[in-house]
Amino acid sequence: MATCRTHIFTVPVLTRTTLVFMGASRKDRAIARRTFLGFAAVFTTAGVVGTITTDNAKARAAFDEALAEWVASGEAVDESASAFSAAQTDAIAAAAEASTVIEVTNAEMLQDSATLDALRASLDALVAAGLLTIAAPGEVTATTTAPDPRSTPDVPEGREAQLAQAQSLTEDTALLTETADTSEQSTSELEAATTAALADIDAVVASAAAHGAAVEVPSLASQETKDAYAAAVAALGDPAAGSASQRIGAYQQSWTAVQDSQAAAEAAQARGNSGGGDDGVQPTYINGILIVNKTYRLPSWYGNGLTGDTLAAFERMRAEAASVGHNLWIASGFRSYATQVKVYNSYASRDGSAAADRYSARPGHSEHQSGLAFDLNTITEAFGYTPEGQWVAANAHRFGFIVRYPQGKEGVTGYIWEPWHLRYLGVDTATAVYNSGLSLEEYLGITSVYD
Ligand SMILES: [Zn+2]
């Protein structure tokens, strides 16, 4: 039975490898395990190396019986190992998520530090379960046992050596049985640790959402960053918006952007105050709406282009308008303070300042400097009578815009009817203003007059 001997002495290597290396395919593991169990059983049953031959009926019967028995028990071992492997995968995923959640979260952002402590406790439980190693805070690596590096042993020569080999196989069999038991125990430990980690991740997400909803957003931060922050807070509670770590990461990033925007505004303001001639002028927010008109002006440092939300909302509006045959484009978007100086001065020198004041803003008083306003298509009253202009008047609010200077409101807004000039307010506010039939000044109860 040269074939048998070949199997006998190569199997231990396979077995030691598959015992400790869970990464092999399940099929490979099962085959290797059964092969080993079958032959190991013969040794433990028959107890003598060399009796396994087709000529020895007694040994052959023992072999067959033991093989059937151990293959059956091998199935059980295999199921256990499979459950263990699945639990291990889940646990590693949960731990990786938990670790990332910790990484992207900081106690400052969370009112409930207890959830973070609980999360860390869960990681400790996973470490205690023996599969995870926390190398450094926020850094988790899965623990895998390296395959046995031993090379295939030669077939021992002589009866003593063969008996020693048989003894070794018997020990391996005991080890395998023990491993199966340990595997079942570890599975339940891992499942418990995984459940705990997932529950604590939920707690961290909820805590971040609660903190995000309660926090006061700095007033000088750009509307774009504030809108992104609000969206990130809303997404925290929506599992469809990504993994917990992704949602918390987006939340943290948006909050950092708000703070950066605030800091930049304050720094620019400080520069303006130290020689910019702004006399401490600050942007004015009423009910959270940035107000720019003849009464309220922006400091010269304010603004750096149309905001992302304004552009995105315009793109949505442009696409829908195109789908019904209307062609919309931005004829004039952001205008800096310096640009407005040139624009206003040229109009004033051409038509006189009184006439220019009816359709052009003085520097600092132009909504174009806010990054939230733009002019569409042709900047003439005729635009209001085109199909495009009429579609815009009836639909812009659905995308977050209002026609800022409506017909017949010059006495309130300070400007003639400008059917081409849109202001971004967000869908809710724009719809409310649209439904009220009022100008923004009337809606907020404010004036628009130069000093
Ligand atoms: Zn305009």
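Which helices and strands do the buried residues of H8 pack against? They pack against helix H6 (223-236), strand S5 (330-332), helix H11 (387-395), strand S7 (401-405) and strand S8 (418-424). Keep in mind that what you're looking at is a predicted model.

**The chain at a glance**

Let's step back for a moment. The chain has 14 helices and 8 strands. Of its 451 residues, 37% are buried. Take the contacts with a separation of 6 or more: residues 24 or more positions apart account for 75% of them.

**A closer look at H8**

Helix H8 covers residues 308-323, and at 1.5 Å a residue its 16 residues should span 22 Å; the end C-alpha atoms are 23 Å apart, which agrees. So which residues of H8 are buried? They are Asp 309, Thr 310, Ala 313, Phe 314, Met 317 and Ala 321. Because these residues cover an arc of only 130 degrees around the axis, they sit on the same side of H8.

Now look at the face of H8 turned away from the buried side. That face carries the exposed residues Glu 315, Ala 319, Ala 322 and Ser 323. Past the helix comes Gly 325, with a positive phi near 90 degrees.

S7 and S8 are joined over 4 bridges in the antiparallel sense, and Tyr 405 has Glu 418, in S8, as its bridge partner. How many of the residues of S7 are buried? The count is 5 of 5, so to speak a mostly covered strand.

**The nonpolar core**

Elsewhere you'll find the largest nonpolar core, with 35 residues; Ala 98 and Val 101 have the most contacts inside it. At least two core residues come from each of helix H3 (57-104), helix H4 (113-128), helix H5 (159-214), H6 and helix H7 (244-273). H3 supplies the largest share, 10 residues. In general, nonpolar side chains tend to be buried together in soluble globular proteins.

Most residues other than glycine have a negative phi. Here are two residues that go the other way:

| Residue | Phi |
|---|---|
| Asn 287 | near 55 degrees |
| Asn 377 | near 45 degrees |

Where do they sit? Asn 287 is in the loop between strand S3 (284-286) and strand S4 (289-291), while Asn 377 lies in the loop between strand S6 (373-376) and H11. Asn 287 counts as exposed because it has 8 C-beta neighbours inside 10 Å. Asn 377 has 19 C-beta neighbours inside 10 Å, so this residue counts as partly exposed.

Definitions and conventions
Residues numbered from 1 in each chain as written. Predicted model: local features only at pLDDT ≥ 70, side-chain atom pairs only at ≥ 80, totals over all residues. Expected span 1.5 Å × (residues − 1). Buried ≥ 20, exposed ≤ 12 C-beta atoms within 10 Å, placed from the backbone. Arc of directions from axis to C-beta. Contact = placed C-beta atoms within 7 Å. Pairing = 2+ DSSP bridges. Core = buried A, V, L, I, M, F, W, Y, C linked by C-beta atoms within 7 Å.
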